[in-house]
Amino acid sequence: MSMAVVGMIAGMALGFAGYFGGFGAFLLVAALGAVGFVAGRFLEGDWEAGDFFRSRNDSRNDERRR
């Protein structure tokens, strides 16, 4: 399935949730979609837990060693 189709389905789900359930349902569907996206990335192996806890700039650590 192409990313355009996935985006369209996600947009339609958010639209239905917002229309029928109100803004709270819209936020719930959006939050659960984000959680599902992150979980999918972990399961595919694209992300690792250490990616979120490692600093991006290790130059500060190099300065402390000097």
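**Pocket lining**

By class, the residues lining the largest pocket comprise 3 nonpolar, 3 polar and 1 charged, where Gly counts as polar and Arg as charged. This is a predicted model, in which local features need pLDDT of at least 70 and side-chain atom pairs count only at pLDDT 80 or more, while totals for chains, interfaces and linings use all residues. Residues are numbered from 1 along each chain as its sequence is written, and side-chain values use heavy atoms, with hydrogens and water left out.

The lining consists of M3, V6, G33, G36, F37, G40 and R41, and the volume of this pocket is about 160 Å³ (an open set of points on a 1 Å grid where a 1.4 Å probe fits, with protein on both sides within 12 Å along at least five of seven lines; lining atoms lie within 4 Å of a point).

**Fold and burial**

The protein has 2 helices and 0 strands (DSSP runs of at least four and at least two residues), and of its 66 residues 2% count as buried. The accessible surface of the protein comes to about 5,800 Å² (Shrake-Rupley, 1.4 Å probe), with carbon and sulfur atoms contributing 64%.

Helix α1 spans residues 3-44 and includes I9, which counts as partly exposed because its relative accessibility is 44%. A17 lies in helix α1 as well, but A17 counts as buried because its relative accessibility is 12% (buried is under 20%, exposed over 50%, partly exposed in between). Between A17 and V29, which are 12 residues apart in sequence, the C-alpha to C-alpha distance is 7.0 Å.

Conventions
Grid points are joined across faces, edges and corners, and a volume is the space filled by probe spheres set on the points. Buried means under 20% relative accessible area, exposed over 50%, partly exposed in between (1.4 Å probe, protein chains only).
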